[in-house]
Structures are given as C-alpha cells and as structure tokens.
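The sequence and the model are shown first.

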Amino acid sequence: MNQTMIQYFHWYTEGEGKLWKEAEKNAEYLSQLGITSVWFPPAYKGTDGATSIGYDAYDIYDLGEFDQKNSIPTKYGTKTDYKNAIAALQKQNIQVIVDVVLGHKAGGDELETFKAAKVDENNREKIISEFADIQSYTKFTFPGRGKKYSDFEWNFTCFSGVDYAEGKESHIYKIQSEYGNDWEEMIDDEKGNYDYLMFNDVEHRNPHVREELNNWAKWYFEETNFDGVRLDALKHISFDFYKEWLTLLRANSGKNIFAVGEYWAPGQLNLLQKYIDATEGCMSLFDSSLQNNLHTASKEGDSYDLRRIFDMTLTDADPEHSVSLVDNHDTQPLQDLEAPVENWFKPLAYALILLREKGYPCVFYPDLYGAHYKDNDREGNEQEIFLDKVDGIEEMLKARKENAYGAQKDYFEDANCIGWTREGDDEHQGCAVVLSNKDSYVKPMEMGEKYVGKTFYDVLGRSEEKIVIREDGWADFPVPAGNVSVWIPE
C-alpha cells in the first residue's frame, strides 16, 4: 500500500483540549482515505499550558498530566486523551509520528546569574560586547511535576545562548561555557552560525544534556509506543546529536523508528543533500525545494513552465529520503515563513505529490478539513483567513490508495500541460493524470495493452465524458483550463 502522511494540525488549530479526541474519532475515516501515518503536534507542556502550540517546549515529560503553566491539559488535551488517540489510530494500522522539539527550552522557573556576551544577530560568530554577568530564566525545576519520570534539573550550563537578560534589552547572548565560546557546528554558514534560534538554546555538547535527552526518548516511546518522529528545526541543531539520538532510540525501542526532519531551505537542494550526507541517511527530510516550486508555480500562473516543477527538488534527486508537501504550519498565511500555494493550484499540487511514483506525500490538515482563523500580518493589521478544503482532495487520496501503482510514463512535452500514466500492478488498476495551468487541453497518453477497450472516467468530475482506450493502448485525456483531471478505469 502507498504511504501517505497527514500533518494533523496547523498553527491556529482550535484549542480547549479537542485535537486528540477529534483524531481518535476520525481514525477510521483517515484509514478509509488511505492515510497511513499521522504527524501530531508537540504533545508536551509549553510556556502557557492550555494555549501553547508546543514549539515553546517547557517540560517534555508533561504530556498533559501535571498542573504546570496554568493548566493540566495541553492545548490538545490530556495525556490520557493523547494515548487514546494513538491507540485508535494504530488500531486502524495508521502509524503515529510525534513532533520532537529538542533545540530550545522556554519558560524557565528561576533566574540564574552567569557570564554571557552579545553577538551580532546577523553574524552570530561576531561577539560585540565583553563577557559579563547577566540573569536569565535558565533554571528548570518543574515544580508541578517534581521528580516524577526524571530528576534532571536544567541550568545555564545546559544552554549555549539566550535571548533574555533581566533588566537589559532583548538580544542574543552567547553563554560563556566550558564547551567553548563558539556555537555548535552547523552544515551551513547562514547568519555566520545558525545554532541559535530562540529562547534558551540547548547545548548538545554537554554530555549530561545528551544523556537526559536520550533517556527521555526511551521514556517517551515506552509511554506512548509511537512509530516515528518529526524532528524540529534541524538547521539549528548539531547534526551529530541526532545521529546518536536516533541510533539509541531505535536500539532502545527495538523498532525501526521512522524519522523525518525539518531542514527548511527553499530552493537550496544542495543543503538538503548535504544534511542527509552529514547524518548518513538516518532520516528523511521535508522537500522544502518542491514546496517552493509549487508556491512559485501558483503565483506565476500560466507563465510558469510546468516541465520545471521537479527541478532541483529532493523528491526528484533522492526520493528515498523525501517527504513531499504542499503547505505546512510555517508556510500557511500569516506565519513567518508564509509561502502558501494559491487555492487554484492546490488540486494540481496534490496530484503532483499524491499520484506519482516518487516521494512520501504529506497532506496538510486545513487542505482536508478547511480552517478559519485571525492573526496580525507583518504590518500589525488583523487579518481573517479562510482556508477552504482542497477541491477533490478526498478523491485524490483514494486514487492514491487504489490506483497510483506501477510503472510511470511521463508526458512533459508542453510547458502548460503535463501528464503521466501509471500502469497499475497485480492488485491495482492504474490511472492517467493531466494538469493544465493555462487552457483546456487534450493530452494523448498510453495506458498500455491491458487497458484496450476499457472505459475511463474522471474521478474528480471535471469532465463528464468517458474515455475508451484504443487498440494501440493510447487515449486522448482532456483537462479543463487551469485544473487537473484524474482518469481511472470504471
């Protein structure tokens, strides 16, 4: 069966502890669509318990169990709700991928005094002040949890930098450390060194920190029996750390835990490949290059050459390590990395990731369910956003589940109309897919001898006509202007 992931949340997911219960209720529906894995948001307590999205990680042992940060449940529910959702999904043979945020911690419990120096925010290698005493919230004692599950207390030696100093201006401060006054090694020199992202930056060179994070991973698996991990913000974490962390997690769990990482580098395939090499292929990466191409194609309309859609993408260059996506919580409207695929192009984009041979596609929650939210734009003006369910998304998911198999033949000879056929296999019949970003077209394509005389229809309902495969195995497949048609046998 084809693998298909869903990102089961977005930045503005409704709170009040509803998400885990909703996922439990929808497990059978997702299975029917052909979803084989669900990527959940960070499940642990953030800096404001009931409203934190989870990327401001405070206590990674608190899965909605302890009265901390003004709440027992997280935004998504209680620990019991979470475990029930995981069990319900796994009962439907859907794997659960948990979001892992180990690059920073936030919401410390106590101030500590230590030496630090300011760095240039655009070149973190450049120290622009003397090392001097500052105070920051780097002591984590977790008073609501106490010593349950772990007695490890975090202090300033566990961090390499902070962005808060009591009584001083907000800035990035490099902590003076026995591990050196430099940052950890990264694979790229963006901002001089992009180790520091936000809050209290975790010092992965500290052996006590590494031991604690390895112990936590073992505990988390034993508590929840997850199947995979999504690794947050890889651009800002030592690549050596995750090689070790994943090796130990897989050994301790006795399970070949799937891993996909977020190294967001739109249009920079070379960095994705460099990271995969540096980590010896121990994880997949989200194809930010393909997402960028889809965004660009949707903005440029009929001036975009569809034959270039997979140029310089991980899905084309290294499909075994690629998770392809159309949008995510960072690219959606009003977010910092905002680069959404325009509505008119989304059905085409989903056909490109769901119905072809290469890549492991990930569907975005609002594209299946829709979303409505408000937030401020970059100028500080409140905007109201309505994201509609993608037209035909369920039909394309089912076509992936039932028809997107076998050898693929591409018909990429036209800049504004591309297509391909899948011949099927011993258990599944194939399909023919045609996309246009301009006019209506008719695309001659070959389905093969075994389909001679068979009637095909457009499962998306874009066309009401039926197509009969000719004696030579070919047929002429139409597509409306600026749209996609997916043809399958009756």
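How many nonpolar, polar and charged residues are in the lining of the largest pocket? In this predicted model, that lining has eleven nonpolar, six polar and six charged residues. The pocket has a volume of about 680 Å³. In total, 23 residues line the largest pocket, and L197, M198, D330, D336 and L337 are those that lie nearest its centre.

The second largest pocket holds about 250 Å³ of space. Its lining is made up of 14 residues, with Q3, P319, E320, G359 and Y360 nearest the centre. By class, four residues of the lining of the second largest pocket are nonpolar, six are polar and four are charged.

**Nonpolar cores**

The largest nonpolar core contains 127 residues. Within this core, F40, W216, V229, Y242 and W245 have the most contacts. Once neighbours within four places in sequence are left aside, W245 is in contact with V100, L102, L213, N214, W216, A217, V229 and L231. Another core, of 15 residues, lies apart from the largest one and includes M445, M447, A475 and V479.

**Salt bridges**

The whole structure has 35 salt bridges.

| Pair | N to O distance |
|---|---|
| E153 and K147 | 3.1 Å |
| D410 and R356 | 2.9 Å |
| K466 and E490 | 2.5 Å |

Is each partner buried or exposed, or does it fall in between? D410 is partly exposed because its relative accessible area is 41%, whereas R356, with a relative accessible area of 10%, is buried.

K466 counts as partly exposed because its relative accessibility is 47%. E490 has a relative accessible area of 56% and is therefore exposed.

In the salt bridge between E153 and K147, the side chains of the two residues meet. E153 counts as partly exposed at 30% relative accessibility, and K147 is exposed with a relative accessible area of 52%. The cut-off for exposed is over 50%, so K147 at 52% passes it.

Salt bridges also form a network, and the residues linked in it are E65, K79, K83, K148 and E223.

Where is Q68 placed? Q68 is in the loop between β4 (57–59) and α2 (79–91). Buried means under 20% relative accessible area, and Q68 is buried because its value is 3%. Leaving aside neighbours within four places in sequence, the residues in contact with Q68 are K45, G49, Y58, D59, D62, F142, P143, G144 and R145. Among these contacts, Y58 and D59 fall within the numbering given for β4 (57–59).

Notes. Residues numbered from 1 in each chain as written. Predicted model: local features only at pLDDT ≥ 70, side-chain atom pairs only at ≥ 80, totals over all residues. Heavy atoms only, no water. Core = buried A, V, L, I, M, F, W, Y, C linked by side-chain atoms within 4.5 Å. Buried < 20%, exposed > 50% of the residue type's maximum accessible area, 1.4 Å probe, protein only. Contact = heavy atoms within 4.5 Å. 1 Å grid on protein atoms, 1.4 Å probe; cavity = no way out; pocket = protein on both sides within 12 Å on 5 of 7 lines; lining within 4 Å. Points joined across faces, edges and corners; volume = space filled by probe spheres on them. Nonpolar A, V, L, I, M, F, W, Y, C, P; charged D, E, K, R; others polar. Salt bridge = Lys/Arg side-chain N within 4 Å of Asp/Glu carboxyl O. Helix = DSSP H or I, 4+ residues; strand = E, 2+ residues; numbered from the N terminus.
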